[in-house]
Amino acid sequence: MGGSLTYPYGSTSAVRGHVLAALGVLKVASADQMRRLTCPGHKDSKGVRNACLDLAKHGLTLSEGSARDGQKLWGPTPLGLTAAAEVLGRPAADMGGNARGAARSGAPHAMAVNESVIALTGTQPTPTRPIARTTSTPAPGTLIEAAMPAVRAGSPVPAGFGSVGSWATEVVHNMPGTSRTRPSVRADAVRLHGVAVRRPGASALRSVGAASSDCSLASG
């Protein structure tokens, strides 16, 4: 695996950062979901799985079960949630809970929310340095040349908006009211935009409010 004593599974710091960012937002996810959300250019989820294992060695991630399709599910520990806050650039107080125990039942609702966030974000593979080709360019009109536009099309995933850091999950929206116990609704996921202006005594996400979110997902 080419690992070290510190990271025996050989993960890179970049992928470990991707994992912490994804779990800081989604709270429970499979390696494949984290790959598609943060680093879709990777050919498979091995690098993400190795990062999860290396982070688990340091007490930042853990797995408590599998999804109904058999994929292992990962989540952040309390320490991992604090580390994720640093990666996302958010106050630790705004990170919410770590969905402890959700994976034991397969977390079907969380998996559906994750897929919605992945689809709306539409993360594109990061361009890499072109590789020099030794083959000649196909002649115009040939079968090979006709097939090349499909290859040039790039990612099969439509481009969306934002990134993993644009989202927050399980966000409480207080409803208008005059009583001391105002009613509220909890959105499964909220896409944030701009920079939150924190009111004195208010957390960053709470100060964002509904007016500073342009996409909310809520279960009916």
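1. pLDDT is the predictor's confidence in each residue, from 0 to 100. Over residues 143–153 the pLDDT stays under 50, and the model gives this stretch five contacts (heavy atoms within 4.5 Å) beyond four places in sequence. Residues 195–213 also have a pLDDT below 50, with 27 contacts beyond near neighbours in sequence.

2. This is a predicted model, in which local features need pLDDT of at least 70 and side-chain atom pairs count only at pLDDT 80 or more, while totals for chains, interfaces and linings use all residues. Residues are numbered from 1 along each chain as its sequence is written, and side-chain values use heavy atoms, with hydrogens and water left out.

3. The protein chain has an average pLDDT of 77, and 70% of its residues score at least 70.

4. Helix α3 covers residues 46–57. Glycine 59, with a positive phi near 75°, follows α3.

5. The axes of α1 and helix α4 (residues 78–88), lines fitted to C-alpha atoms over the stretch in contact, come within 8 Å and cross at roughly 105°, taken between N-to-C directions on a scale from 0 to 180 degrees. α1 is therefore roughly perpendicular (65 to 115 degrees) to α4. Residues making the contact include Leu20 and Ala21 of α1, and Leu81 and Val87 of α4.

Note on methods: Helices (H or I, at least four residues) and strands (E, at least two) are DSSP runs, numbered from the N terminus. The expected span of a helix is 1.5 Å times one less than its number of residues. Angles under 35 degrees count as roughly parallel, over 145 as roughly antiparallel, 65 to 115 as roughly perpendicular and the rest as oblique.
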